[in-house]
Amino acid sequence: MIRIWTDAAEAGLLDRYGERGSTFAYLPETPQSQAVSVTMPVRLPSWNVPFGLAPIFEMNLPEGFLRERLRLAFAKATGTFDDFDLLSVVGRSQLGRIRYTGDKERLHEDVPFQSVDEILERRRGGDLFRYLLERFASFSGISGVQPKILVRDEKAFAQTEHAGRRFSQSYKGATHIVKLWEPDEYPQLAANEYFCLTAARRCGLDAPPFRLAEDGLALVIDRFDLRTDGTYRGFEDFCVLNARRTDEKYRGSYETSVMKRFGQFANSVHVNEDLEKLFTLIALNCALRNGDAHLKNFGILYDDVLGEARLAPVYDLVTTSVYLPQDRLALTLNGATTWPTAKELRKLGETRTGAAPAKVRQILERIDDALAETAADVRAWINDHPEFAEIGERMLGEWKIGSAADRALS
């Protein structure tokens, strides 16, 4: 049995259900403000799932390499290693406001310190990859096929104080997300994402602070869910909002499963502004040729589960077509997964955001300008890092094709 905590207070209990499912029940005294999700209000009946975990509890489970590493480390002790076991390992350190402990344990976070500057500056090659995974894998409740870890950088406290925002000195949780990649599988993926995020910021989209290691082997991102008092904002991805499991993240459309769904949960006076940003992000993904913009790569952020929700900052933005030349859209648009025409993008923007045609054209032109400006940064990095040349040139080629579609406004 697993105790579930929201906003540092116990909210309910999670247990196995049937042969392969799970059941969650709120404690009798739990107020609505401690609901685990905008999709699961506090109620007397339990929430039963016949297979696996409810989407909100599955949301941050590591996938791929990191999941397999944790399975190998813990399966011998547990005998099996399913989602329930994985949650019990990484549950104390998660993205968002939910935490998990054993049925007899109290809530605590105690992520080891790790200098972010060391990650950014030291050239340790594969040794850094192995070292960080060994030390932080069990503290990394964050989803993704490629390895991501959560680390606590002690300098984050001094930096926030210097900016006039006092960070709680008693805080023991993670402060940064570190993304690592196997060079032989997806070469230069850290630099790839760095420049895609740079383009997103130039489009006017919100992105947390991010930095690329000098050797290009790691990307370090500040947590966007962490407040300076050591508490957390609520975060939920669009798999949760669509009541879908992680293995269903490629099921749905951008029109309904993303834009319409956001409008249903936003509950915000800023909904039109955020819908324009959401459209901008979808169109940018098309221009970047990111074929992995699935339901888990969009999210909402909120301070109060009963209050307004805003579009989460952008994350997991990559030009995937440099690795998968025949890549397509992750979700359907206009009933297909082929890259959309400018006419189809304009239709999406006009019908789903309510923006005037001139405004939609302006957004597409801003994307084009952002890619052109970021292309200069890519070329500068190529000059200083010859090992990035092949991937960098491919990225620029894909951006040219993607932005040409945006320019075809007639």
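I began with Arg233, which is partly exposed at a relative accessible area of 22%. My scale here calls a residue buried under 20% relative accessible area, exposed over 50% and partly exposed in between (1.4 Å probe, protein chains only). I am working on a predicted model, where local features need pLDDT of at least 70, side-chain atom pairs count only at pLDDT 80 or more, and totals for chains, interfaces and linings use all residues. Residues are numbered from 1 along each chain as its sequence is written, and side-chain values use heavy atoms, with hydrogens and water left out.

Which residue does Arg233 pair with in a salt bridge? I found Asp303, with the closest N and O atoms 3.0 Å apart. The pair links distant parts of the chain, 70 residues apart: Asp303 is in the loop between strand 11 (299-302) and strand 12 (309-311), and Arg233 is in the loop between strand 9 (218-222) and strand 10 (234-237). I also noted one network of salt bridges with shared partners, joining Asp206, Glu273, Asp274, Lys277 and Arg310.

**Other salt bridges**

I counted a salt bridge when a side-chain nitrogen of Lys or Arg is within 4 Å of a carboxyl oxygen of Asp or Glu. That rule gives 31 salt bridges. One of them joins Asp7 and Arg97, with 3.0 Å between the closest N and O atoms. Asp7 lies in the loop between strand 1 (2-6) and strand 2 (9-17), and Arg97 in the loop between helix 3 (83-90) and strand 5 (98-102), so this pair ties together parts that are 90 residues apart in sequence. I checked accessibility too: Asp7 is partly exposed at 40%, while Arg97 is buried at 5%.

I then looked at Asp225 and Arg223, whose closest N and O atoms are 2.7 Å apart. Asp225 is buried at 0%, and Arg223 is buried at 7%.

My helices (H or I, at least four residues) and strands (E, at least two) are DSSP runs numbered from the N terminus. Helix 12 (residues 357-384) has 28 residues and spans 42 Å from first to last C-alpha, close to the 40 Å expected at 1.5 Å a residue. For that expected span I took 1.5 Å times one less than the number of residues. Its buried residues include Val360, Ile363, Leu364, Ile367, Ala370, Leu371 and Trp381. An α-helix has 3.6 residues a turn, so residues three or four places apart point the same way.

Helix 7 (residues 189-202) has its axis within 8 Å of that of helix 12, and they cross at roughly 145°. I used axes fitted to C-alpha atoms over the stretch in contact, with angles from 0 to 180 degrees between N-to-C directions. In the contact (heavy atoms within 4.5 Å), helix 7 brings Ala191, Phe195, Thr198, Ala199 and Arg202, and helix 12 brings residues including Ala370, Leu371, Thr374 and Trp381.

**Helix 10 and helix 11**

How do helix 10 and helix 11 run relative to each other? They are roughly antiparallel, a label I keep for angles over 145 degrees. The axes of helix 10 (residues 271-288) and helix 11 (residues 342-353) come within 10 Å and cross at roughly 165°. Among the residues that meet are Leu275, Phe279 and Ile282 in helix 10 and Leu345 and Leu348 in helix 11.

**Positive phi**

Lastly I looked up two non-glycine residues: Asn267 has a positive phi of about 50°, and Arg289 one of about 65°. Asn267 sits in the loop between helix 9 (254-265) and helix 10 and is exposed at 51%. Arg289 sits in the loop between helix 10 and strand 11 and is buried at 9%.

Note on methods:
Angles under 35 degrees count as roughly parallel, over 145 as roughly antiparallel, 65 to 115 as roughly perpendicular and the rest as oblique.
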